[in-house]
Structure formats: structure tokens, C-alpha cells
Amino acid sequence: MRFLYNKSNRLKYLIIVCCLISSKLLAQTSNADIKVLGAAMKDSVVLRWAPDKPVAWQLGIKNGYLIDRYTVWKDGKRDTSNMQPVRLTPSPIMPLPLDDWEPLVKNDKYAAIAAQAIYGDDFELDDPAGDQASFLNQASELENRFGFALMSADLSATVARAMGLRYVDNDITPGERYVYKIYLASNATSSYRVDTGSYYIDPADVLQLPPPTELAIQVGDQSVGLSWESYYHDKIYVSYVIERSEDEGRTYNKREEVPFLNISKNTNPRRTYYLDSLSENNKVYFYRVKGLTPFGSVGPPSEPIKGVGLASAKGVIAQIDSTGISFDGQVDIKWSFPDAFKDKIMGFKVARGATAKGPYITISKNMLSATTYQFKDVSPKPINYYVIKAIGRDSVETTSFPVLVQPEDSIPPLPPSGLTGGINTSGIVSIQWDANEEADVSGYRVFRANSPMEEFIQITKGEVLSLSYKDSINIATLSENIYYKLIAEDNHGNPSEYSTILNLEKPDIIPPSPPVFQKISVDGSSVRLSWANSPSDDVLRYSLKRVFNGDSTLVKIFPKNTNTRSYTDANLPTGTYRYFLMAHDDDSLFSDLAFISIAVTDGINKAIIENIKSQVDRDKREIKLSWSNLSEIKRVIIYRKKDEEPLRLYKSTNGSSFIDKNPAINSRYIYRLKGVLANGLETELSEPITVAY
């Protein structure tokens, strides 16, 4: 099997790859790293990785990758005292053999590119420690293959898995947090080392993908230009899906079969641009944009935007060719317009806006002639988006695409300071901060994370103009804190460094786990109670109540720090007593009740039911219990415990035997019996009897 692509396709993908790879091939004797990303899904963790050097990628193809997982958090607290790695990959993760790629190619166009990059002819590369001249002659081809392969893995989760660069960990435990380490199965080349990649993640913090923001539109004759803010989502999304609706936004369809990659950001490196053609003018079209992650997940759509194609001079628009800033701060703008359509227009207007969306205000006092192709803005603003409007002889305007011009200012503002905030019990977060002192600060952007060690995600759609922000979070999670930080932006789009992190503690709405009674004994008129405390960390105290003849009495309060696990209730009159034990936490929440019933009598209740026998009948699927009854016992209460479940009240009978029907196969049962006397008092529990079924 052989995968081919022609020169025009190769050139197209090569342009894309040049945009994706941020640096040229470094000296091949230097170390390489394995870069790792992780995402928490509903019940799994997805890992994506890639070496950052072409040679390291080739070594990964030959040797494969191993993954170890370390548990650094369990049972509600950090636990690094005895971290032992769990090997998730008994054998190295390798790319699929060549023949196994054929079915993938039929359903995934990126599979052909990846297979050609890995298995194409003339792929073998000399040992990096060998002849350097020979090595450098092959470096260009290897870099291209490297770029093609990683592009394909970014755009297709299936291809990433087939290349051995993706793994899904389905064996996760609620409440635990992990560090994953990924390394080459063999990394013994002394002259070229590939460092281990690592990633920390809390599986409970499922990533909430943000929608693309600040979607803007420019329309022409049967044409539309879209642009949106992509600077702050650059580490989240690797490509985009553009959708269009022709029925007032009721249904949307993809505009491209493959995800869209921005291959040119020269106009404005903070935004991504897309051009679309329209089947007709004077019709309303709706657009929206979705982001695509390296894990194959699609984010929520942007706010929709609409536009109508306009026909004037056949819809031809002017094109801004160049802009320049003179020594006195004035902006020179030059544009062009097709000669074949000059007689279709009356002239031009120059308009300026503070954002790509506008609004645009005309700054040329009079209409410029149809032969004028330059203009000087003598009073530019700190941020200037310029457009040229061609005025048709039918008075219909067509507008060029905007071009950003900013007077030189590379000094960003200082990071925001004075961050404070709080969270109410409904999960509403309120944060405030101090105003920056710089006069040219245009606004702020807010970022959030579930851990200070993970990527902070922008949660504001654009700039926040005020000095406060409200957020909504889910507080019914195991993580106890949420983290925020801010940046300030000036009128030139220069972002500040991040502010210090604001750590907010979520309000506690989860009550503590209850304590458990363990051992109960009666000695004359005294009752001794023993229990196991609640495992919850935030318990402050325990309260013990006693109910006798319908009256409830608070017997004792035990602060947690006393480590008290028992109590003796003395000098009790004859009768039946009920005890209730409850845990209280530092947020005034209390646990479920631990409950026990005890009879104190003149001694007759000390008798216990004895000589309990069990008989298992697997044909009838039943367990029969029998015992020697005491004449003074009028009713027998049966308690049962199955496997690891707690002992519970199960049944009662007036006879001297009991049949437990339909027990579970391969289960272990423990039974204990208690007698009820004619006066309503109860005997002590019998000794336990164990039955394996």
C-alpha cells in the first residue's frame, strides 16, 4: 500500500505546517522534550503528546512510548509519602503497522498524510551523532514530515491514536488526582536525550471549553469576511469549524469539509480571518464559529453574526495595500481598486473604528475622487481600524476589509492588583480589583482554573470595562478551591503580565460523613458506648443524645481534638434507651445520625439467644437459621450483614427458626439475634454466626 499526494496539495499543507511549527529545526545534538496535554472527561482522562524535535519524533516511531501514572491526591488530601507509579502501558505505544493504515485512509483524509510522513520512501535518517553534513542534507525533509504528521494528529483523534500519540485512561478513581509521565521506551543514545514529559490533572475538573469571541463580519458582492479573537484561545484550539445558516439561524451547516487553519495572521496576529462566497446578494446569512481541540473535542459555538451581500459595481471592494506612520504620528493609507470597475463608482470614503466590528466613522471630510488612492489621518487614535468605502453610482457602498494601525507602543500596563472576592452558597463568585494607574488601559480579561498548576482559561468574552466581575461555578465538587487571575490591556492591545492568583475557598454544602457505633456493652445500670469517628477532615465536634420514655437529652458534646471514642452513661433506671451520635463540621453542617438501641433491666435481658444453627440449601436457594428459644422471649429480631455492608435490622419472627430466601451467590452473611421480652425490653445481641453462600 502506498499513499500519495500531488505537489499542489503538498504545497498547501506545507504552508499550513509552516504556520504550526513555531521554530526551525534546532541543532540535532541538543536535548528534546516530550510535550504533554491532558483533558478530564466525564469518566476518563485523555492524554496527547508529541516530541518537540523531528529527531525525537523519529525515535518515538522506532521505540514507542511508555506511560506511568502517580497518584498524588486521595481520600480528600495530598498524599505523596509513598508514591508508586502504575504502568499504564505494559508494552510501548507504537504507530500502527503500514498495512493497518489502509482502512483508516478510507474514512479519514488525514490518515493518508500521517502514513506518508511515517512510512514514505527515503525516510531513514542517519544517527544524529554521525556525519553532520549528511544529517543536515536530510533535515529539511524530516522537518516537513514531522510537521505534516503533527498537523494530522492535531486535526484527527483517530490519527493521533494510530500514530501512538494519544491515550485514554479509563481506570480512574473518584477523588484522586494524578501526575502522568510519558517517555521513550528506549532512550539510551548518549548523544541525544529526549526528556520525559509530565502532566498533572484532577479528573473531577472537567474542562469547560470556551466559545470563540468577538466575531466580526465584512460583506461584499457575494462575499463575506469573518474574523474573531483567537489570541487567548491559542493554547486550547488548534483549528476551527465555520458554520453558516440560510434560514435565520435555525439550522447551520459546515462551510468546509476539514477544520479551518489560519495560515496568515499578518494583518492582526490576535485575530483569525476567513473568507466565504455567497450564492446570492440581498439575502441574510448567519455565521458562527466553533473551536477544535487537540483531543478531538469541539467547543461551544460563538455568538452568531449575520450579514447581507451587497451588489454595487458588481460588489468589487477596495483593497488597502499599505499603511505607514510618519515621524509626526500621522497615518498614511494607500489602497487600490480594479481599473475595470472605476467607472462604476463615484469615489471613496475613509472610515475609522476602535474595533474590527466598528462602528466606523467617516474621517474623510469630503468624498474622495474615484482616482484618489491615498489618504492621511492627521489625528489617529491609539487603536485605529481603517476601511475604504467605495461609493457606487447607485449610491450603494462596498467596504474593504479592515486594517489595524497602532502608533508604536510596546510597553504593556502593569498587572492588575488588589484582587479580592467571595463565593456564596449558590455558586455565584464576585471578584473585584483596583484600577490600573495607566491612562491608556482599555479593559481587563479574567481567567479561571481549578488548580494553580493547570492552564488558566479566559472566561470573559472580551474586555471587562468595569473593576468587578461575577462568575457562576459548581460548588458541589470534591475540589475545595477555585482560582482566578487577571490581565490588563492597553489601547494598543498590549497585554500585561498576569496578576497574582486569587484563591477562593468554595462554601461547604456537603455534610460530613457520620460516625459509626462499634461496640456496645451494658453493666448493671451503666451503658458503655464505643464508636469510630467521621472520616471527614472538617469535623469540629460530636454530639451524643439519649432518648428515654420519649424525652430527648443532650448527654455530651465531644470536641474532635480530644480524640474521644467512647462514653459510659451511668446510673440509668431500668428501661430501653436510644442513643444518637452526630458529627458537626466547621460550616454548621451535620452528618446523618448513628443510632443504637439498648435495654437496661434487672438482669433478665442479659440472657442472649444461643445455640444458633445454620443450614444452606442451594437447590431451594435459602439459608435456614434455628435456635433454642427462651420462654420469656416473645419475639426475635434478626440483624444481617452482607459482605462489607454494615450490620442492619433485617427481619423479625415469633418462632424459633427463620428462612432467608434468595441470598446472593458467592456472598458472605453474618447474622446476630436479639430477643424482645414481654415487657418490651430487649436482650443483648447474640454472638455472630457466619454463613458462606
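Predicted model: local features only at pLDDT ≥ 70, side-chain atom pairs only at ≥ 80, totals over all residues.
Student: Which strand pairs with β13 in the antiparallel sense over two bridges?

Tutor: The partner spans residues 239–245, and its pairing with β13 is antiparallel, over two bridges. The strand is β12.

Student: Which strands stand at the edges of the open sheet?

Tutor: Four strands form this open sheet, in the order β13-β12-β15-β16, with antiparallel pairing. A strand with a single partner has one side left without a neighbour in the sheet, so it stands at an edge. The two edge strands are β13 (253–254) and β16 (305–308).

Student: Is S364 buried or exposed?

Tutor: S364 lies in the loop between β20 (361–362) and β21 (368–369). Its relative accessible area is 5%, and the cut-off for a buried residue is under 20%. S364 is therefore buried.

Student: Which backbone nitrogen does the side chain of S364 reach?

Tutor: Leaving aside neighbours within four places in sequence, S364 is in contact with K349, V350 and F375. For one of these, the side chain of S364 comes to 3.0 Å from the backbone nitrogen. That nitrogen belongs to V350.

Student: What separation do the C-alpha atoms of S364 and F348 have?

Tutor: S364 and F348 are 16 residues apart along the chain. Between their C-alpha atoms the separation is 8.9 Å.

Student: How many cavities of 30 Å³ or more are there?

Tutor: The largest cavity holds about 40 Å³ of space. With 30 Å³ or more as the rule, the count is two.

Student: Which strand gives the most to the lining of the largest cavity?

Tutor: The lining residues include Q218, V219, G220, S223 and G225. Both β10 (213–220) and β11 (223–229) supply at least two residues of this lining. The top contributor gives three residues, and it is β10.

Student: How many residues of that lining of the largest cavity are nonpolar, polar and charged?

Tutor: Among the lining residues are I317, T399, S400 and F401. The lining divides into three nonpolar, six polar and no charged residues.

Student: Which helix gives the most to the lining of the second largest cavity?

Tutor: This cavity is lined by W57, G60, I61, Y65, I118, M163 and L165. By class, the lining has six nonpolar, one polar and no charged residues. Three of the lining residues come from the helix of residues 54–63, which is α2.

Methods: Residues numbered from 1 in each chain as written. Heavy atoms only, no water. 1 Å grid on protein atoms, 1.4 Å probe; cavity = no way out; pocket = protein on both sides within 12 Å on 5 of 7 lines; lining within 4 Å. Points joined across faces, edges and corners; volume = space filled by probe spheres on them. Nonpolar A, V, L, I, M, F, W, Y, C, P; charged D, E, K, R; others polar. Buried < 20%, exposed > 50% of the residue type's maximum accessible area, 1.4 Å probe, protein only. Contact = heavy atoms within 4.5 Å. Polar contact = N/O pair within 3.5 Å; in protein donor to acceptor, adjacent residues only side chain to side chain. Pairing = 2+ DSSP bridges.
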